[in-house]
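Please open the model in your viewer and keep the sequence panel beside it. The tour below moves from one selection to the next and says what is to be found at each stop.

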Amino acid sequence: MAVIPETEEKQLMPLLSGCESSRWYPDFADITARNVNKGNGLLAIAAHQGIRIEETMALGDGGNDIPIVERAGIGVAMGNANDSLKAIADYVTDPVDENGVYHALKHWVF
């Protein structure tokens, strides 16, 4: 995680050829090796556990959650999520601090 303004991130990333960045809050970005993200982690865990990806659910609220919300069987954006995450989610729930996880589970599972 880097505490870095978006303008500096744009200058830095071309120097890190094997890396990618995902901004999850206006002042914060995750800089990881290329293709190392939550979505690929979900795929690996599901395969290891013998779970079909269609049987998974992922919840997120930041730009770094886009890969996992895209890949999960059900992708949920929290109500306080940024607009780019909400746009790709299957469902938008309440904000985290307003029991959003509970409401998403109630909607999809209970």
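**First stop: the antiparallel sheet**

Begin with the open sheet that 3 strands form in the order S1-S3-S2, where the pairing is antiparallel; strands here are DSSP runs of E with at least two residues, helices are runs of H or I with at least four, and both are numbered from the N terminus, while two strands pair if DSSP finds at least two bridges between them. Strand S1 (2–3) and S2 stand at the edges with a single partner strand each, so one side of each has no neighbour in the sheet. S1 and S3 pair in the antiparallel sense over 2 bridges, and if you select Ala 2 you will find Ala 29 in S3 standing opposite.

Before going further, note that this is a predicted model, in which local features need pLDDT of at least 70 and side-chain atom pairs count only at pLDDT 80 or more, whereas totals for chains, interfaces and linings use all residues. Residues are numbered from 1 along each chain as its sequence is written, and side-chain values use heavy atoms, with hydrogens and water left out.

**Second stop: the whole chain**

Zoom out to see 5 helices and 6 strands, which follow the pattern β-α-β-β-α-β-α-β-α-β-α when read along the sequence. The C-alpha trace spans about 45 × 35 × 20 Å along its principal axes. Of the 110 residues, 30% count as buried, where buried means under 20% relative accessible area, exposed means over 50%, and partly exposed lies in between (1.4 Å probe, protein chains only).

Strand S5 (residues 74–77) pairs with S6 in the parallel sense over 2 bridges, and Ala 77 stands opposite Val 92 in S6.

Which residues does Ala 72 contact, leaving aside its neighbours within four places in sequence? They are Leu 42, Ile 53, Thr 56, Met 57 and Ala 58, with contact meaning heavy atoms within 4.5 Å.

**Last stop: a loop residue**

Finally, select Asn 80, in the loop between S5 and helix H4 (83–88). Is Asn 80 buried, exposed or partly exposed? At 40% relative accessibility, Asn 80 counts as partly exposed. Not counting residues up to four places away in sequence, Asn 80 touches Asp 61, Pro 95 and Val 96. Asp 94 is 14 residues from Asn 80 in sequence, and the two are 7.4 Å apart in space, C-alpha to C-alpha.
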